Amino acid sequence: MLPYDSLEGAELALGRNLTVAERLWFSYSAHKSDYILYTHNCLFVFLVFSLVPLPWALVELYWFDAVDRFKLQPRVKRSFPELFKCYKDVLHQFIFVVAPLIAVSFPVLECVGIHTSLPLPTKWEVISQLIVYFLVEDYTNYWIHRFLHGEWGYEKIHYMHHEYNAPIGFAAPYAHWAEILILGIPTFLGPAMVPCHMTTLWLWSSLRQVEAIETHSGYNFPWNPTKLIPFYGGPEYHDFHHFVGRQCQSNFASIFTYCDYLYGTDKGYRRHKQAVKKA
C-alpha cells in the first residue's frame, strides 16, 4: 500500500509532478495491500497460458496444411480434444500448485525488497533487470534440467513433461507438481538477487511464460522476431530435446544456447543439424 494520502502528497514526497504512468499506478494501487498486488501474478499467469498458445493452436487445427513446412514434427498433428485435455491438465496444476505457490511466497519476496512504491522504475532500469532475470533463470534452469534428466529425476519427476514428444504451446507448463515447485526457484531467484518494482515482477512473470510457450510451440517460423535475440534457442532448439526424449543429453538450456555450448551438451544437436543439412 502506498504511503501517500493523495496525489499531492506523493508529488510533495517525490519533489516533482507525477508522470501519467505514475498517476495511473497511484489511482490503482493506493488502497490495495502489497499482498493483493502481488497475487495479481495469478491472474497474469493464467491469462498468458490460456491466451498466448491460441494462435499456434488455431494454426494446428485449421491452417495446418498451409504452414506444415514450418512444423518441426509435421507427422504429428494434434486434435482439438488433445489440445483441450492438455489445457485442462495445466489448469489443474495451476489451481492446485501454481496459485498456492504464488500465494505463500509473498513474504519471501517482500523480505528481499520487491516494492510497490513510487517512483516507477525507468525504462532502462526495467530492461536491465529483465536481462539479469533471463540470464539467472537460464543458467539455474540449465543445471536443474540436467539433474532432472538423471535416472532418478527423470523417472520420478521429469517424465511427465516429456509425455509430449512433439511439444505444443499449451504443454509448456505441463509438468509434475514437484517440477513446477523446483523450477519456480530459477524464476524467483533473479528478482531475489536484484529486487524490482512490482510492475517489473508482473512483466517478468508474463514474459517468462510467453518465452516458454513460444519455445514449445512446435513451429519454426522464419519471421519470428526472437531470431534477432543473440544466443536465443527458440522452438527448433528445444523441439529437438523433446523429440529425443528420455535419452536426450543435449539442449538443456531453457532460453539461450551458451550454457549447452560451454558445457558441451549441444553436441548431439549439432550432429543432428549437420546430418539434416547433408541429407
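The legends below describe close-up views of a predicted model.

Local features are reported only where pLDDT is at least 70, side-chain atom pairs count only at pLDDT 80 or more, and totals for chains, interfaces and linings use all residues. Residues are numbered from 1 along each chain as its sequence is written, and side-chain values use heavy atoms, with hydrogens and water left out.

**View 1. The two domains of the chain.** The chain is divided into domain 1, residues 1-31, and domain 2, residues 33-278; such bounds come from an automatic or database domain assignment. Between the C-alpha centres of domain 1 and domain 2 there is a distance of 35 Å.

**View 2. The interface of domain 1 and domain 2.** Here 14 residues of domain 1 are in contact with twelve residues of domain 2, where contact means heavy atoms within 4.5 Å. The two domains bury about 990 Å² between them, and 71% of this area is on carbon and sulfur atoms. Buried area is the accessible area (1.4 Å probe) that two parts lose on being put together, summed over both. Across this interface the rule finds zero salt bridges, a salt bridge being a side-chain nitrogen of Lys or Arg within 4 Å of a carboxyl oxygen of Asp or Glu.

**View 3. The side of domain 1 that touches domain 2.** The elements that give two or more residues to this side are α1 (7-14) and α2 (20-29). Helices are DSSP runs (H or I) of at least four residues, numbered from the N terminus. With six residues, α2 gives the most to this side of domain 1. The residues here divide into ten nonpolar, two polar and two charged. In this division Ala, Val, Leu, Ile, Met, Phe, Trp, Tyr, Cys and Pro count as nonpolar, Asp, Glu, Lys and Arg as charged, and the others, Gly among them, as polar.

View 4. Q73 lies in the loop between α6 (64-67) and α7 (80-104). Its relative accessible area is 12%, so Q73 is buried, which means under 20% relative accessible area (1.4 Å probe, protein chains only). Leaving aside neighbours within four places in sequence, Q73 is in contact with N165, A166, P167, D239 and F243. Q73 and G218 stand 145 residues apart in sequence, yet 7.2 Å apart in space, C-alpha to C-alpha.

**View 5. The surroundings of F256.** F256 is found in the loop between α14 (234-244) and α15 (258-262). F256 is buried because its relative accessible area is 12%. Beyond its neighbours within four places in sequence, the contacts of F256 include F134, L135, D138 and Y232. A distance of 8.1 Å separates the C-alpha atoms of F256 and G234, which are 22 residues apart along the chain.

Definitions and conventions: Buried < 20%, exposed > 50% of the residue type's maximum accessible area, 1.4 Å probe, protein only.
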